[in-house]
Amino acid sequence: MINIIGAGLAGCEAAFQIAKQKINVNLYEMRPYIKTGAHKTDKLAEFVCSNSLGNKQITNASGLLKAELEFLESFLLKTAKQFQVNAGDALAIDRELFSNEITKLIEQNPYINLIREEKIEINKDEITIVASGPLTSQNLIESIVNLTEEKNLAFFDAIAPIIERDSIDFSKAFIQNRYDKGEASYINCPMNKDEYLKFYDYLINAPKIELKNFEKDAMFFESCMPIEVIAARGVDTLRYGPLKPVGLVDYRTNVENYAVVQLREDNLAKSLYNLVGFQTNLKWSAQKELIHLIPGLENANIVKYGVMHKNIFINSPKVLKNTLNLEKYENVFFAGQITGTEGYTESIAGGLLAGINAVKKLNNEKLLSFPSTTMLGALTNYISYRGHKTFQPINSNWGIIEPIDLPKAQRKNKKLKNELLANRSIKALKTMFQTV
Ligand SMILES: Cc1cc2nc3c(=O)[nH]c(=O)nc-3n(C[C@H](O)[C@H](O)[C@H](O)COP(=O)(O)OP(=O)(O)OC[C@H]3O[C@@H](n4cnc5c(N)ncnc54)[C@H](O)[C@@H]3O)c2cc1C
């Protein structure tokens, strides 16, 4: 018997994977008795916001993850495809029909025992998958904190956008640390007074995303204050805060600029950079325009926009293995958004791996982990990487996958590069499962 807490996207996928192997599952779901604030129905695997699972082209990072899930026989992906609606390159679905179907299949499955109650305790001696999502109930949060032993449950209110290094114009940006301390690692985008005032003017007037009621009482951590909230305190506040120019004399011109936007490495491969202090709740279109006003970032490719909502995730780099179980309590698995992977498809992927591994644990078999040449492996290896200094949720993107060596002339050919990366991933899966 395996327990699963939460019948969302990760929990339902895990339940199907386990039932497929003819093993009994207790699947706990607290709705409709306890609500999350975002879910609107009592159905399982509900899509809380948009109806899109992202791009379906294999040359897109999210598309590659879907191709991998298809290879690994994901139940939810297969069902999503049955209920897809026209959405160009994206896999968008009729959410209602999808959730109705998943609920029906779970209720009819002889191996799955759906229990409509809030699970508040985790028994570390029983094989359990915690898939309670970003809106995990308060009682369960307390049990998770107890189990992980330190305050490993992180809450965040706003995060900063992430961009691709390749899209930065280095004729304007320069690499240097403040006061030249240590090995230069920050990318700096300098602004003169006119550029700063134009940027500021756009920022304070830019449209914001409407907060949901349950998010309105969210307290900001001072270090996570949205940039638009800081800016509203006064025209120069940012120049004494995240955009301060002091100590950043541009070595090429010997000039200390009026303001400087700093970018910090976001991944080991140094292909992704986050904008320091730019956590924001602006609408995505406004974020794009704002970032493109920054000298050097006029053509920046934004791989992840800043977002703000209540979100709960464990400090996976400290406690989780890439097999999705806890280092300390190996019977306890985590899956879905609570592990720090973000997005519908990513949650399904986590559920799939946790389901497969929970069965292996039950059978005393070696657990499965994926190489970083696959998107699923890149995600699980990223969240369980012990070297993170700060950790924020991540979705599928090319920056986390193991790079490929291309002849210089072909390096800028993104489509070709992504095609090669995608082929390499599927080949890796085929090899892995042939040997298994
Ligand atoms: C407001 C909001 C909007 C989002 N919008 C998008 C989007 O547009 N696109 C996208 O790709 N991603 C989005 N996400 C992120 C993420 O993809 C979804 O939250 C996704 O549903 C996460 O899947 P999950 O299985 O981890 O959690 P969920 O799908 O949330 O499932 C968790 C389940 O656990 C249940 N549960 C919680 N605590 C307990 C307990 N103690 N006992 C029993 N049951 C419990 C919940 O009721 C829920 O059914 C959004 C997240 C939020 C919070």
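Predicted model: local features only at pLDDT ≥ 70, side-chain atom pairs only at ≥ 80, totals over all residues.

Colleague: How is the protein chain divided?

Modeller: Into domain 1 (2-156 + 311-435) and domain 2 (162-304). Their centres, taken over C-alpha atoms, are separated by 31 Å.

Colleague: And the ligand, how many residues surround it?

Modeller: There are 36 of them, and the closest are Gly6, Gly8, Cys49, Gly133 and Gly336. Two elements give two or more residues to that shell: α1 (9-20) and α11 (344-362).

Colleague: Which one gives the largest share of the shell?

Modeller: That's α1, with three residues.

Colleague: How does the shell around the ligand divide into nonpolar, polar and charged?

Modeller: You get 16 nonpolar residues, 15 polar and five charged.

Colleague: OK, packing next. Which residues have the most contacts inside the largest nonpolar core?

Modeller: Ile4, Cys12, Ala14, Ala15 and Ile129, in a core of 76 residues. The element that gives the most to this core is α11, with nine residues. There's also a second, separate core of 34 residues, including Ile163 and Leu243.

Colleague: Back to cysteine 12: what is it in contact with, leaving aside neighbours within four places in sequence?

Modeller: Ala7, Leu44, Ala45, Leu76, Ile102, Ile106 and Gly351.

Colleague: Switching to strands. What is the order in the three-stranded open sheet?

Modeller: It goes β3-β5-β4, with antiparallel pairing. The edges are β3 (52-55) and β4 (84-85), each pairing on one side only. Two bridges join β4 to β5 (residues 90-93), and valine 85 has alanine 92 in β5 as its bridge partner.

Colleague: Which non-glycine has a positive phi of about 75°?

Modeller: Leucine 324. You'll find leucine 324 in the loop between α10 (316-319) and β18 (332-334). Asparagine 364 also has a positive phi, near 55°, and lies in the loop between α11 and α12 (375-383).

Colleague: Is leucine 324 buried or exposed?

Modeller: Leucine 324 counts as buried because it has 30 C-beta neighbours inside 10 Å.

Colleague: And asparagine 364, buried or exposed?

Modeller: Asparagine 364 has 6 C-beta neighbours inside 10 Å, so it counts as exposed.

How values were computed. Residues numbered from 1 in each chain as written. Near = placed C-beta within 6 Å. Helix = DSSP H or I, 4+ residues; strand = E, 2+ residues; numbered from the N terminus. Nonpolar A, V, L, I, M, F, W, Y, C, P; charged D, E, K, R; others polar. Domains from an automatic or database assignment. Pairing = 2+ DSSP bridges. Core = buried A, V, L, I, M, F, W, Y, C linked by C-beta atoms within 7 Å. Buried ≥ 20, exposed ≤ 12 C-beta atoms within 10 Å, placed from the backbone. Contact = placed C-beta atoms within 7 Å.
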